[in-house]
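This report describes a single protein chain, part by part. Please look at the structure below before reading on.

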Amino acid sequence: MFIFLLLLNLAVYISFQSWSTIFNNFAVEKASLDGFYMGLTQSIREIPGFLSLLVVLAIVVLPEHKLAVVSLIVLGIGIAVTGYLPSATGVIISTLIMSFGFHFFETVNQSLTLQYFNKLETPLVLSRLRSVAAGGNIAAGILVIILLKFLEYKYIFLITGLIAVAAGIYCLKLNPIDSSLPVQKKKLQLKAKYWLYYALTFLSGARRQVFTAFSVFLMVEKFHFSTKEVAILFIINNLTNFFFNPVIGKMVNKYGERRLLSIEYSTLIVVFVGYAFSDSKMFVALLYIIDNLVYSFVISIRTFFQKIAEPEDFANGSAMGFTINHIAAVFIPFAGGLLWMVDRKIPFLVAAFLAFVSFVLAQFVPSELRKYQQQ
């Protein structure tokens, strides 16, 4: 299962990062999107994340590992057609297709990880998969920089999308399933005892969407980052994450979820205030790297859930978690786009406030969860 997930994650992030690297420049230069349409596109992009609860219904007819592969193929198709639809409507359509693949994959990816690895292994596996994703992102950044010398945006989208489709077709032949594991509940269900997991997940999604929708857009619109500069920034960012992510899993096991989440949220308050007020191109680039680095601590929310959840709830909890994560994500980028038109500082200050609320809630995470690691 680890090799299976590793291959899928590598393919997903090579394609997705290639899309991310050139998307903002493509949206501005070719599709002529302004802040309003950028926020609208990002809001629509998160609708499939909100619909992640449908994964629980999908696995009634399709095994989880097959659903992960199909999701990868759908993601690849969405990316491949992006460059051939250079308008606001076209960008929204291609983004929606890509997003269904990405979010359904991420839901199943988390569920399979929680099912197949014990409570000591899971932080290590999650952090290693994030490191693999960073490696894929590095490869994507290098690939994009090379392709930009020879090809238009639409051909780069096509090539990188087809990479995901080809990888998905190959992985359809693989069967990593262990039939002895607990059968997952195939119904939608919220449980009161998981309230803190739901709350932290909701706030994480809301805060993250401000970053996703507006951090790189800030760099392109205010600081005039070129496509090459964005690609170089992504490479530096992912090199940092590639080497640091494996350490995070060990930190979770050593220090516990509460401490790591507290570090993440307190750091993000500073980062978002910096986004709002900085006039330095280099400082904003540094904030972007720090933002991504501490965001990797998000695995602590998932390992916290694994330690408090019933084994048969992992698929349902992952699906409900992704849906809750995207409730705010559906409207925050759109609302943020409107606020951006008033003052670009406002979305980032809202995100700083959300980080503060998350910090307060993180103090309710039990400071000692080691007893669960032995179960």
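A salt bridge is a side-chain nitrogen of Lys or Arg within 4 Å of a carboxyl oxygen of Asp or Glu. Because Arg 344 lies in the loop between helix H15 (327–342) and H16, and Glu 221 in helix H9, the pair ties together parts that are 123 residues apart in sequence.

The model is a predicted one, in which local features need pLDDT of at least 70 and side-chain atom pairs count only at pLDDT 80 or more, while totals for chains, interfaces and linings use all residues. Residues are numbered from 1 along each chain as its sequence is written, and side-chain values use heavy atoms, with hydrogens and water left out.

**Confidence**

The term pLDDT stands for the predictor's confidence in each residue, from 0 to 100. Its mean over the protein chain is 85, and 97% of the residues reach 70 or more. Over residues 371–375 pLDDT stays under 50, and for this stretch the model has 7 contacts beyond four places in sequence. Here a contact means heavy atoms within 4.5 Å.

**Salt bridges**

A search of the whole structure finds 8 salt bridges. One of them joins the side chains of Asp 291 and Arg 208, at 3.5 Å from N to O. Asp 291 lies in helix H12 and Arg 208 in helix H9, so this pair ties together parts that are 83 residues apart in sequence. Helices are DSSP runs (H or I, at least four residues), numbered from the N terminus.

Another salt bridge is formed by Lys 281 and Glu 229, whose closest N and O atoms are 3.1 Å apart. This pair also links distant parts of the chain, with Lys 281 in helix H12 and Glu 229 in helix H10, 52 residues apart.

The table gives the value for each residue.

| Residue | Relative accessible area | Class |
|---|---|---|
| Asp 291 | 2% | buried |
| Arg 208 | 14% | buried |
| Arg 344 | 29% | partly exposed |
| Glu 221 | 34% | partly exposed |
| Lys 281 | 29% | partly exposed |
| Glu 229 | 31% | partly exposed |

Helix H2 (residues 35–45) is mostly covered, since 8 of its 11 residues are buried. Among them are Gly 35, Met 38, Gly 39 and Arg 45.

Helix H11 (residues 257–277) has 21 residues. From its first C-alpha to its last H11 reaches 31 Å, close to the 30 Å expected at 1.5 Å a residue. The expected span is 1.5 Å times one less than the number of residues. Buried residues of H11 include Glu 257, Leu 260, Tyr 265, Phe 272 and Ala 276. What covers the buried residues of H11 includes H9, H10, helix H12 (281–295), helix H13 (299–308) and helix H16 (345–362).

**Single residues**

Ala 134 is placed in helix H7 (residues 121–148). With 2% relative accessibility, Ala 134 counts as buried. Which residues touch Ala 134, leaving aside its neighbours within four places in sequence? They are Asn 238, Asn 241 and Phe 242. Asn 241 is 107 residues from Ala 134 along the chain, yet their C-alpha atoms are separated by 6.0 Å.

Ala 309 lies in the loop between H13 and helix H14 (314–325). Its relative accessible area is 11%, so Ala 309 is buried. Beyond its neighbours within four places in sequence, Ala 309 is in contact with Tyr 194 and Phe 314.

His 224 belongs to the loop between helix H9 (195–221) and helix H10 (227–255). This residue is exposed, with a relative accessible area of 60%. His 224 has a positive phi of about 60°, although it is not a glycine.

Definitions and conventions: Helix = DSSP H or I, 4+ residues; strand = E, 2+ residues; numbered from the N terminus. Buried < 20%, exposed > 50% of the residue type's maximum accessible area, 1.4 Å probe, protein only.
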